[in-house]
Structure formats: structure tokens, C-alpha cells
Amino acid sequence: MTDRALLIRLGALGDTLHASSAARLLKKHAPHMEVDFLAAEGLGDLFEMIPSVAEAYCLPFRKIPFRVHPWWLALLRRLNRRSYRLAYLMETNPRFLPLLSSIDAERKMTVGRMDDGEGVESKQPNPVRYQIPLWDTGLVPRDICHPELVVNSEAAGRAGELLVSLGLDPEAPLIGLHPGNSYQARKMWRKKFRRTDLRCWPEGRWEELVREMHQENDSLQFVLFGGPQDRWTNDRIAGRLRSVGPGFRLADTAGRTDLTLAAALLERFSLFVSTDTGPLHMAAALRVPFVGLYGPTRFDETQPFPSEPVGTVLRRSLPCQPCYGTRDQRRCGDNICMQGIEAKEVIEKVQELNPALFRS
């Protein structure tokens with residue numbers, strides 16, 4: 001009978017991609033084992049690009065009581081027919097323990113700390129933190145696997161077609177920019193109570209970055225990246241840029257891609273600049289050169305974790321950092337940690353990563 005494992009992580013895109021490194025570790029050292037993944041709604045396409053995951057299941061909720069919800073009961077019956085050898089919960093909040101207890105498995109384990117974890121740093125990159133309990137079980141040796149995505153030829157073809165439809169040359173240098181932020185988009189209701197854009201870089205800095213890079217090399221093409229919720233931000237930035245410099249080769253793909261197409265676009269970029277949000281971690285998993293802009297988040301845990309040193313992160317070192325998930329974040333009215341990152345610093349990092357983008 002085939003050995004099976006079920007990994008559970010119900011976070012956002014970047015969290016889930018980091019957690020997928022545990023599936024890769026299992027498949028590397030136990031290739032006979034089939035690894036399934038229970039993830040959050042909307043991430044099913046992600047697992048089409050993760051060869052180490054056999055089957056993915058997506059929950060449409062995080063806070064509805066699992067024990068009584070009809071959708072969960074139906075899924076639970078499907079899961080329990082799989083006869084898992086291992087069920088591994090990679091959530092630190094104890095409210096997810098009933099979910100784990102409902103699943104039939106020979107062995108059940110958690111990632112470790114079981115509290116609400118407010119403001120507590122583990123000081124380890126999340127992929128490593130997710131893999132340590134697997135080492136401790138003796139199922140796998142002490143090894144580190146990195147998140148990895150594999151783009152298929154169909155998605156790559158779609159990416160080329162989209163770029164052409166936007167008036168860009170798929171073969172010329174492409175610079176990807178992600179001004180929006182998933183936290184801001186997911187927490188729209190919180191705007192009534194506090195700022196949700198603390199992880200965002202000021203829009204004026206994005207415009208300055210494009211102008212300066214265009215001045216260095218006017219053949220560069222710029223692609224504004226993001227989901228449907230990022231359209232307003234991208235529209236404002238694109239509108240202001242076009243009003244002062246009609247020569248910019250600039251396109252906006254926000255809301256035009258699914259996850260597989262987004263990955264195929266990322267793979268075509270000569271460089272990707274982004275705040276701490278899911279596509280940044282996709283770029284790292286695809287080994288696309290990147291510059292990450294970090295502010296209030298727990299950098300030691302959430303930093304990109306590529307298998308090769310293809311990118312870099314810019315961040316300030318302020319006494320209030322990191323504040324993500326703490327009372328300080330809820331009280332913060334001025335994200336000086338992000339405002340302190342200058343466009344010229346980003347350009348310096350771009351020049352280090354890919355000098356060929358600029359004319360000598």
C-alpha cells in the first residue's frame with residue numbers, strides 16, 4: 001500500500017509556498033510517499049506547479065467551525081479514505097487543532113509553538129521551521145529544501161501571448177513591479193479602524209524608480225503586476241508616469257492572470273521588484289532576480305528563500321521593527337520603515353543583480 005502524508009497550511013500565497021518546501025523534502029527522501037496538501041481557497045492552481053504534491057484540497061474558510069460544516073464533513077470523508085501515514089499541521093494557532101484531530105492518520109504532528117504567537121519571532125526562515133519537525137520524526141535526514149515552482153509550456157505560451165497583446169516585446173528586457181500588497185487587499189474592512197497599507201512602498205517611489213531606470217536604458221519595458229485588487233494602485237501609478245513621459249513602455253497585468261500565468265510572466269522578467277507579498281516568493285521559487293522591499297513584517301521568518309542567491313532585500317533597521325501582528329502595528333499611523341527606502345537604493349541593487357540592464 002502506498003504511504004501517504006497530508007500537509008496542512010491555510011495561509012496566504014507566500015506562506016503556502018514556503019510550507020510546500022516540506023512536501024519537497026518528503027518526496028526527496030521518501031520518493032515512494034504521496035504527499036497531499038490542504039490549503040486555503042484560491043490556491044489550487046499553485047499546486048499544478050509543485051511536482052512534489054500529488055493532490056491539493058482547498059478549504060473555502062479559516063474560521064467556520066470545522067466539526068459541523070457540511071463542506072468540511074464531505075471533504076473529511078474524502079481525506080479519511082486516503083489512509084494517511086502522517087498528518088502534519090503547519091499552523092501555530094491552537095484553534096486549528098480540532099481540524100488535525102478529525103483526520104485519520106497513523107501519526108499526527110504540529111509545527112511546534114501552539115499559541116496565538118502575537119509578535120513572536122522564531123528567528124528562522126519559515127521553510128526551515130516547517131522542515132525541522134520532519135527531521136525530528138526520523139522520516140527524513142537533516143536536509144533543507146527550498147520552495148520550487150515549475151512552469152509548463154502551455155502557461156509559458158500564454159504569457160508570451162499576453163505580453164504581445166499588451167504591446168510589449170516578449171524577447172526584450174522586462175522589469176516586473178508589484179506596488180500593491182496582499183495584506184492591504186485582504187483586510188479592506190480594517191481600513192475603518194487602522195491603516196492597512198503599512199507594507200506598501202509609497203507610490204511616488206515606484207514612479208521615481210521607473211523614471212530613473214528608463215533614463216538609464218530607454219529600451220526597458222515595465223510590467224505592473226498584481227491581482228484585481230491592485231488595479232486602482234497600478235492605474236494611478238501608470239497614469240502619472242504616462243502624463244510626464246509618454247515614451248515609457250509600460251503595461252499593467254493586474255487582474256489578467258491566474259497563478260499559473262502569473263508564474264509564467266514572472267519567469268520572463270529580467271528583474272522583479274516587490275514588497276513582501278506572494279508574487280515575491282514566487283519569483284524566488286522560480287529563481288528570478290528580485291529586490292524585495294520589507295518594512296513591518298518579521299523578516300527573519302518571511303524572507304524570500306530561493307535555492308540560489310538570485311535576489312536581495314532592502315529594509316531599514318528601526319527600533320519598532322518588526323511590528324507585524326503586534327499592538328504597535330495596530331497603532332502605527334506612519335510606516336517610516338517603508339518610506340525610508342529610497343528609489344536610488346533599489347537602483348543600486350538592480351545594478352548589482354543585473355548590470356546588463358543598464359547601458360555603459
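In β11, Gly311 is the bridge partner of Phe290. Strand β10 (residues 290-293) pairs with β11 in the parallel sense over four bridges. Two strands pair if DSSP finds at least two bridges between them. The model is predicted: local features need pLDDT of at least 70, side-chain atom pairs count only at pLDDT 80 or more, and totals for chains, interfaces and linings use all residues. Residues are numbered from 1 along each chain as its sequence is written, and side-chain values use heavy atoms, with hydrogens and water left out.

**The six-stranded sheet**

β10 and β11 belong to an open sheet of six strands, ordered β8-β7-β6-β9-β10-β11 with parallel pairing. Each of β8 (249-252) and β11 (311-314) stands at an edge with a single partner strand, so one side of each is left without a neighbour in the sheet. Neighbouring strands here are turned by 15° against each other on average, direction ignored. Helices (H or I, at least four residues) and strands (E, at least two) are DSSP runs, numbered from the N terminus.

**The five-stranded sheet**

Another open sheet has five strands in the order β3-β2-β1-β4-β5, and its pairing is parallel. Its edge strands are β3 (55-59) and β5 (105-110), each pairing on one side only. Strand β1 (residues 4-8) joins β2 (residues 34-40) in the parallel sense over five bridges. In β2, Leu38 is the bridge partner of Ile8.

**Helices on the sheets**

Axes are lines fitted to C-alpha atoms, for helices over the stretch in contact, and angles run from 0 to 180 degrees between N-to-C directions. Contact means heavy atoms within 4.5 Å.

| Helix | Strands | Angle |
|---|---|---|
| α1 (residues 13-29) | touches β1 and β2 | about 170° with β2 |
| α2 (residues 70-80) | lies across β1, β2, β3 and β4 (84-89) | about 165° to β3 |
| α8 (residues 231-244) | lies across β7 (221-224) and β8 | about 160° to β8 |

In α2, the buried residues are Trp72, Leu75, Leu76 and Leu79. Down the axis of α2 they fall within an arc of 110°, so they line one face of the helix. That arc is taken from the directions from the helix axis to the C-beta atoms. The face turned away carries the exposed residues Pro70 and Arg77. Buried means under 20% relative accessible area, exposed over 50%, partly exposed in between (1.4 Å probe, protein chains only). The buried residues of α2 pack against β1, β2, β3, β4 and α3 (97-102).
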